[in-house]
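Visitor: Could you walk me through this model, one contact at a time?
Guide: Gladly, let's have a look.

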Amino acid sequence: MDATPEVTVVIPVYGSALILPRLIDRLEAALEQDPGPGGYEVIFVHDCGPDESWSIIEHLVSTRPWLRGIDLRRNAGQHNAIMAGLSIAMGRFIVTMDDDLQHAPEDIQRLLVSLRRGFDLCYAQFPKKHHSLWKRAGSRFNDLVAQWLLKKPPGLYLSPFRAFVRGVSEEVLRYCGPFVYLDGLLLQSTSRIEAIPVEHHPRLDGRSGYSLRKLVSLWLQMATSFSIVPLRLVSLAGATASCLAFLITVIVLFQKIRHPELAVGWTSLIVAVLFMGGMQLLALGAIGEYIG
């Protein structure tokens, strides 16, 4: 294998021991169709799964010089696992995909054609997905939120089957925060993005490692780590509370004039609490804008 491969394929592995041999055979066949001047490499990142995937990866690595493996000490999640693979990837073009063969290795070349035409990032789009109803609904919700928070182009599905140039990977790896949302980093790195339709296939074995809890956690990472919209909502809430406090102050003072028998101190206490609460929210929102 050349020291600088043309293509690097990074695949996070979790609970796919029975699929890996077939996956590697299909990857080899697909990549050999057009290996490019520097050849190719594949990086399996074992995300501390529950089966014998790492043992199989070790065996596969021993028989294929273009295959490398990373064994994470703990389960870090798909996006962190991909970041680990990107940190050692050497290819001019980098492809990420799932380990369950729902993404066909034969479609890799189609993604690479887009990059060779001048795009920095290409996403695979699935007209029909073989996922459960709740997962499809969650993906749709995540897509709408990403469009609002990350200014994602309308109609672009943020698929884990994607390809991007090395320069984008280098920008992504500059991120040092604890919570990684890879698509947020990719969208911040370039606006030269294309999407191509590909077929989504049924999973060959096992089930997805993504639970509802993990999907919600990923959504929160996107909302809180890659957008200042929540902070602006706090600022808006503070401004609204301050305006309401002023309005209520006028009403309470009018009531005090009409009914002098109201308890002493009640009026001033309510006004102070409402006004200061609103000002505190407004100040927190302003501080959040600076941090964001």
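Visitor: Is Asp 25 buried, partly exposed or exposed?
Guide: This is a predicted model, in which local features need pLDDT of at least 70, side-chain atom pairs count only at pLDDT 80 or more, and totals for chains, interfaces and linings use all residues. Residues are numbered from 1 along each chain as its sequence is written, and side-chain values use heavy atoms, with hydrogens and water left out. Buried means under 20% relative accessible area, exposed over 50%, and partly exposed in between (1.4 Å probe, protein chains only). With 42% relative accessibility, Asp 25 is therefore partly exposed.

Visitor: Which residue meets Asp 25 in a salt bridge?
Guide: A salt bridge here is a side-chain nitrogen of Lys or Arg within 4 Å of a carboxyl oxygen of Asp or Glu. The N to O distance of this one is 3.3 Å. Asp 25 sits in helix 1 and its partner in the loop between helix 2 and strand 3, so the pair ties together parts 39 residues apart in sequence; helices (H or I, at least four residues) and strands (E, at least two) are DSSP runs, numbered from the N terminus. The partner of Asp 25 is Arg 64.

Visitor: How many residues apart in sequence are the parts tied together by Arg 192 and Asp 120?
Guide: Arg 192 and Asp 120 form a salt bridge, with the closest N and O atoms 2.9 Å apart. Arg 192 counts as partly exposed at 49% relative accessibility, while Asp 120 counts as buried at 11%. Because Arg 192 lies in the loop between helix 7 (182-189) and strand 7, and Asp 120 in the loop between helix 4 and strand 5, the parts tied together are apart in sequence by 72 residues.

Visitor: Which residues are linked with Glu 6 in a network of salt bridges?
Guide: Glu 6 lies in the segment before strand 1 (7-13) and is buried, with a relative accessible area of 6%. Its salt bridge with Arg 116 has its closest N and O atoms 3.6 Å apart, and this pair links distant parts of the chain, 110 residues apart. Arg 116 is partly exposed, at 34% relative accessibility. The network links Glu 6 with Asp 34, Arg 92 and Arg 116.

Visitor: Why do the buried residues of helix 2 lie on the same side?
Guide: In helix 2 (residues 53-63), Ser 53, Ile 57 and Leu 60 are buried. Exposed residues His 59 and Ser 62 are on the face turned away from that buried side.

Visitor: What is the centre to centre distance between Phe 126 and Tyr 157?
Guide: Rings of Phe, Tyr and Trp (its six-membered ring) pair if their centres lie within 6.5 Å; planes under 30 degrees apart count as stacked, over 60 as edge-to-face and the rest as tilted. Phe 126 and Tyr 157 are an edge-to-face pair, with 65 degrees between the planes. Both Phe 126 and Tyr 157 are buried. Centre to centre, the distance is 6.2 Å.
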